[in-house]
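User: I would like to learn how to read a ligand site. Please take me through one step by step.

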Amino acid sequence: MIRIAIQSKGRLNEESTALLGEIGINVDDSKRKFLSRSDNFPLEVLYLRDDDIPQVVANGTAALGIVGLNEVEEKGFKVDIVKKLGFGGCRISLAIPKSEEYDGPAYFNGKRIATSYPAILRRYLDKEGIKAEIEVITGSVEIAPSAGIADAIFDIVSSGGTLVSNGLKEVEKVFFSEAVLISSGKLSAGEQAILDEMLFRIESALGSRKKKYLLMNLPQASVEQAVKILPAMRSPTIMPLAAEGWCSMHSVVDEKDLWEKIRQLKEIGAEGILVLNLDKIIP
Ligand code: PRT
Ligand code: ZN
């Protein structure tokens, strides 16, 4: 049995739970208990505020946790970052009223900066040799300048919409974050074996996310060119069609290259192209 701490509610809760589901671990969280046990995998889920997750993992109350890298960095507890999970992406940035002129980090000398991330901000200011005052506030940091609490803010940004609607502009992107799987680094052999199985499944699930499965009909004469366009995991699968001179070709492509590949395949006569989502890739 291994215990994992995840956010009880908030931005990371849904995707953390979804990831466990995607790797075939059933957890009944419908009763919203503090602690739930999976009925098909030796895993126990502890639901907490994200702020508390680095600490409970560092002190071994939970062997594992899923939390934003920003919280790990801010809290400073000693934990291992086992895997970046590819969701909850954001950055922590310095922002100032949009009417202000900005000429680089020295702007912040003598300014008051509101934030919920004082440790990360302090480190940045020290590195840049800036003397500024940090005002720690826990919620609605973005209203601090208009409320006269601070001259600038240091806060999480994802789309940037919140800054714009509060008349602020992002001037320094200081820290980049995403959800990470963390470990206490003190696992028993049994726990390590469970973690290894989870990691194997997570990698299969994450590896398939940015890929698409392509099927198409192709003139036999274009196969050689198509193989060059589609270097699949080992090589593309080619099957004959009933129609003379045609075959069906299957392959996996990176989502970022999808439209360019489709353009090239159409040029060499591909027809009836189907694009499918992939669930898992087991190399
Ligand atoms: O209750 P609990 O303490 O568990 O939750 P919380 O309120 O402290 O955190 P929550 O649920 O808001 O965020 C959890 C984690 O999600 C954060 O620690 C980040 O790692 C990650 N994350 C990703 C974000 C965002 N994107 C995000 N956009 N966390 C917060 N925001 C907020 C930000 O504070 C700002 O108010 O969204 C606003 C900015 O968004 P944009 O899109 O307008 O730029
Ligand atoms: Zn929190």
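**Reading the ligand site**

Analyst: Begin with the make-up of the shell. In this predicted model, the residues around ligand 1 comprise five nonpolar, eleven polar and six charged ones.

User: Which residues of the shell come nearest to ligand 1?

Analyst: The shell has 22 residues, and D51, N70, S159, G160 and T162 come nearest to ligand 1.

User: How do I read the polar contacts?

Analyst: Look for pairs of N or O atoms within 3.5 Å. Here an oxygen atom of ligand 1 is 2.7 Å from a polar backbone atom of G160. For D50, a polar side-chain atom lies 2.8 Å from an oxygen atom of the ligand. At G161, a backbone N or O atom is 3.5 Å from an oxygen atom of ligand 1.

User: How much of ligand 1 does the protein cover?

Analyst: The size of an interface is often given as the accessible area lost when the parts come together. On its own, ligand 1 has 840 Å² of accessible area, and the protein covers 78% of that. The largest pocket is the space that ligand 1 takes.

User: Which elements give two or more residues to the shell?

Analyst: Those elements are β9 (152-157) and α5 (161-165). With three residues, β9 gives the most to the shell around ligand 1.

User: Where does the site fall in the domain layout?

Analyst: Take the division of the chain before placing the shell. The domains are domain 1 (2-88 + 178-207), domain 2 (90-176) and domain 3 (211-277). Domain 1 and domain 2 each give at least three residues to the shell around ligand 1.

How values were computed. Residues are numbered from 1 along each chain as its sequence is written. Chains are lettered from A and ligands numbered from 1 in the order in which they are written. This is a predicted model: local features need pLDDT of at least 70, side-chain atom pairs count only at pLDDT 80 or more; totals for chains, interfaces and linings use all residues. Side-chain values use heavy atoms; hydrogens and water are left out. A residue is near a molecule or strand if one of its heavy atoms lies within 4 Å of it. A polar contact is a pair of N or O atoms within 3.5 Å; within protein, one must be able to donate a hydrogen and the other to accept it, and residues adjacent in sequence count only if both atoms are side-chain atoms. Accessible areas come from the Shrake-Rupley method with a 1.4 Å probe; for residues, only the protein chains shown count as cover. On a 1 Å grid over the protein atoms alone, a cavity is a set of points where a 1.4 Å probe fits but cannot get out, and a pocket is an open set with protein on both sides within 12 Å along at least five of seven lines; lining residues have an atom within 4 Å of a point. A molecule sits in a cavity or pocket if more than half of its atoms lie within 2 Å of its grid points. Helices (H or I, at least four residues) and strands (E, at least two) are DSSP runs, numbered from the N terminus. Ala, Val, Leu, Ile, Met, Phe, Trp, Tyr, Cys and Pro count as nonpolar, Asp, Glu, Lys and Arg as charged, and the others, Gly among them, as polar. Domain bounds come from an automatic or database domain assignment.
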